[in-house]
Amino acid sequence: MHKKSLTLLALLFIAGCANQAPLREVSLAVTACAADAPVVLDGAVEIPKGHRANTVRNMAEGEPGAGGMCNSKVFYPDSTIEVYRAYDTASRHSKFGRWWSFEKPAGEKASYREANAICPEWSKLDAVVMCRIKPGTYFAVGTTQSAQCETQQYGTNAAVQVYIPNSEDALLVEDCQPLGAW
């Protein structure tokens with residue numbers, strides 16, 4: 001009788017699970033990088049792989065679904081390099097964050113978010129600032145990694161991002177100029 005009860009219980013369990021909606025597969029974990037990192041960057045010298053370059057690269061490159069860069073190379077400026085950042089004015093630390101672009105953000109915010117895999121919950125992107133990378137700064141340049149947001153996901157793509165390891169203790173950009181609301 002014990003064996004029949006277990007069999008019946010197992011059948012009921014299986015039947016109950018059969019009506020469950022299938023889980024949605026997320027393909028971010030197997031998404032390949034959309035492009036290689038730039039080979040040459042005007043105004044900058046590529047840093048060969050080594051401890052310091054690897055540290056910056058490891059901070060810039062993210063796991064699939066986590067944002068960041070997919071492929072990157074590390075450089076330092078040998079002339080003036082301007083970078084742009086869209087940021088969240090409500091966040092005290094957002095203006096001089098780590099993620100930048102060589103081009104001024106323009107157009108629709110939704111398109112910019114998608115190109116750079118920036119989740120809405122990460123930043124409002126309501127203002128823009130332009131700065132110059134300080135001489136001697138190691139920074140990474142690479143393509144966009146995928147991001148899994150609360151309400152949507154962005155795939156990898158060939159949009160180029162700039163990672164500057166700014167921190168509260170070390171601001172690695174200078175000559176900054178606010179470019180206003182976006």
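Cys33 is partly exposed, with a relative accessible area of 31%. Its disulfide partner is Cys70, which at 9% relative accessibility counts as buried. Both values, like the others in this report, come from a predicted model.

**Disulfides**

A search of the whole structure finds 3 disulfides. In the link of Cys33 to Cys70, the S to S distance is 1.8 Å. The torsion about this S-S bond is about -90°, so the disulfide is left-handed. Cys33 lies in the loop between helix H1 (2–18) and S1, while Cys70 lies in strand S2, so the pair ties together parts that are 37 residues apart in sequence.

Cys119 and Cys149 form another disulfide, with their sulfur atoms 2.0 Å apart. The link of Cys119 and Cys149 is left-handed, with -85° about the S-S bond. Cys119 lies in the loop between helix H3 (109–116) and strand S5 (127–133), and Cys149 lies in the loop between strand S7 (147–148) and strand S8 (153–154), so this pair ties together parts that are 30 residues apart in sequence. Cys119 is buried, with a relative accessible area of 0%. Cys149 is buried too, with a relative accessible area of 5%.

In the disulfide of Cys131 and Cys176, the sulfur atoms are 2.1 Å apart. The link of Cys131 and Cys176 has 120° about the S-S bond and is right-handed. Cys131 lies in strand S5 and Cys176 in strand S10 (residues 173–181), so the pair ties together parts that are 45 residues apart in sequence. Cys131 counts as buried at 0% relative accessibility, whereas Cys176 is partly exposed, with a relative accessible area of 28%.

| Pair | S to S distance | Torsion about the S-S bond |
|---|---|---|
| Cys33 and Cys70 | 1.8 Å | about -90° |
| Cys119 and Cys149 | 2.0 Å | -85° |
| Cys131 and Cys176 | 2.1 Å | 120° |

When the bonded cysteines of the protein chain are numbered in sequence order, the pairing is 1-2, 3-5, 4-6.

Strand S2, which holds Cys70, belongs to an open sheet of 5 strands. The order in this sheet is S1-S2-S6-S9-S4, with antiparallel pairing. S1 and S4 are the edge strands, each pairing on one side only. Strands of a sheet pair through backbone hydrogen bonds, either parallel or antiparallel.

Strand S1 (residues 44–46) is joined to strand S2 (residues 69–77) by 3 bridges, and the two run antiparallel. Ala44 stands opposite Pro77 in S2, and Glu46 has Phe75 as its bridge partner in S2. On to strand S6 (residues 139–144), S2 is joined by 5 bridges, and this pair also runs antiparallel. Here the bridge partner of Val74 is Ala140 in S6.

In soluble globular proteins, nonpolar side chains tend to be buried together. The largest nonpolar core of this model has 16 residues, of which Val83, Trp100, Phe139 and Ile164 touch the most other members. Strand S3 (82–87), S5 and S6 are the elements that give two or more residues to this core. Its largest share, 4 residues, comes from S5.

Which residues does Ile164 contact, leaving aside its neighbours within four places in sequence? Ile164 is in contact with Val83, Gly97, Arg98, Trp100, Ile133, Thr137, Phe139, Leu172 and Val173. A second, separate core has 9 residues, including Ile47, Met69, Val74 and Tyr163. Val74 is also the residue bridged to Ala140 in S6.

**The largest pocket**

Rolling a probe the size of a water molecule over the atoms shows where empty space is left. The largest pocket contains about 380 Å³ of space. Its lining is made of 22 residues, of which Arg85, Trp99, Ile118, Trp122 and Ser123 lie nearest its centre. S3, strand S4 (99–100) and H3 each supply at least two residues of the lining. S3 gives the most, with 4 residues.

Notes:
Residues numbered from 1 in each chain as written. Predicted model: local features only at pLDDT ≥ 70, side-chain atom pairs only at ≥ 80, totals over all residues. Heavy atoms only, no water. Pairing = 2+ DSSP bridges. Disulfide = S-S within 2.5 Å. Buried < 20%, exposed > 50% of the residue type's maximum accessible area, 1.4 Å probe, protein only. Core = buried A, V, L, I, M, F, W, Y, C linked by side-chain atoms within 4.5 Å. Contact = heavy atoms within 4.5 Å. 1 Å grid on protein atoms, 1.4 Å probe; cavity = no way out; pocket = protein on both sides within 12 Å on 5 of 7 lines; lining within 4 Å. Points joined across faces, edges and corners; volume = space filled by probe spheres on them.
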